[in-house]
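Visitor: I have a model open and would like to learn how to read it. Could you walk me through a few features?

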Amino acid sequence: MTQTLTIPTSLEWHEDHLLILNQQKLPNVVEYLKLRNLNEYYEAIVSLKVRGAPAIGITAAYGLAQAASLYETENLNEFITLFKRDKKYLADSRPTAVNLFWALNRLDQVLEHVQTVNEAKTDLIHTAIQIHTEDEEVCRMIGEFALTVLDDKRKVMTICNAGSIATSKYGTALSPFHLGREKGIGFQVFACETRPVLQGARLTAWELQQSGVDVTLITDSMAAHTIKEKGVEAVIVGADRIAANGDTANKIGTSMLAILCSHYSIPFYVAAPSSTFDLDSKTGEDIPIEERAREEITTIAGSIIAPENVPVYNPAFDVTSNELIAGIITEKGVLYPDFEESIGRAIGVI
Ligand code: MRU
């Protein structure tokens, strides 16, 4: 039996709910959940049912717009007070991916131009839909630029899941592989499993298999050996927040890969939309790093694998220094060092 190859997606807006692919259950169970109220949106983000910087932003935008659509007041000032309360609630869900705050602030800006509560409700939903649909084209552009940058390199390593299911479609770091398959360009992708919660094993391996991309799974500790023995030619990763100087926060383990790339003299690329840049963070030092529950480390799939009371340190992200990054692939083109200058030109105002 031949499998139908499709690029999976994780978010679908319906008039009264957001349908999400439950990324906690993959790959064993393909389950979709309906989010209908603020608490459900918040919980889905905190528990990683929805994860990945752009997908978090899109989900939060729908969550806030949907919550606002249900406020019963006709008074615009009261409406805005409720909106600010709910915006803060969603903003507290996860600290590192700046796309969350970018999306919520974009909704906030809508309220600067509305005259009535009805107008606000309509425009907020439209803006959430716009954030969602724009992201697909942004990711496709990232993929096109990434294909150019990767040139004839075919053996590429990645970590975590910066894929279609972490975005609207295509992904960031995985976009060139999906587009490549459509164009008949065959990559061999090495996916790090990405402990502690295994987004590489559970999500990237699944997503790339669904779309027919050649993927080989390794544990994170096999990265150096695999680069050397399998002749990996480049590493490409996503990002949760990129500071003004190019320092990049991404899933824990990313900076380790960048250091390996430097050792083995292969390029390390970051792929991210402009909504992932945070010019208020001057360097990586300014980026808040989320720490998550100890159980993510002391258990695997519900089974205890460590002594009950062992102290645990569980940072979900690390920061890769700008000097280790060969290029940052955005929808606007590829940014090269000096990043302060190239980021300022492309993303900010110089
Ligand atoms: O904790 P997660 O799964 O939300 O972390 C996701 C990542 O680190 C991704 O690489 C990043 O958000 C980019 S997704 C296009």
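Guide: Gladly! Let's begin at the ligand: the side chain of Lys251 has an N or O atom 2.7 Å from a ligand oxygen atom. A polar contact is a pair of N or O atoms within 3.5 Å; within protein, one must be able to donate a hydrogen and the other to accept it, and residues adjacent in sequence count only if both atoms are side-chain atoms. This is a predicted model, where local features need pLDDT of at least 70 and side-chain atom pairs pLDDT 80 or more, while totals for chains, interfaces and linings use all residues. Residues are numbered from 1 along each chain as its sequence is written, and side-chain values use heavy atoms, leaving out hydrogens and water.

Visitor: How far from a ligand oxygen atom is a polar side-chain atom of Asp240, and how far is one of Gln199?

Guide: For Asp240 the distance is 2.7 Å; for Gln199, 2.9 Å. In total 17 residues surround the ligand (a heavy atom within 4 Å), and Ala53, Arg94, Asp240, Asn250 and Lys251 are the closest.

Visitor: Which residues of helix H9 are buried?

Guide: Buried means under 20% relative accessible area (1.4 Å probe, protein chains only). In H9, residues 254-264, these are Thr254, Ser255, Leu257, Ala258, Leu260 and Cys261. Helices are DSSP runs (H or I, at least four residues), numbered from the N terminus. Just past H9, Ser265 has a positive phi of about 55 degrees.

Methods: Buried means under 20% relative accessible area, exposed over 50%, partly exposed in between (1.4 Å probe, protein chains only). Helices (H or I, at least four residues) and strands (E, at least two) are DSSP runs, numbered from the N terminus.
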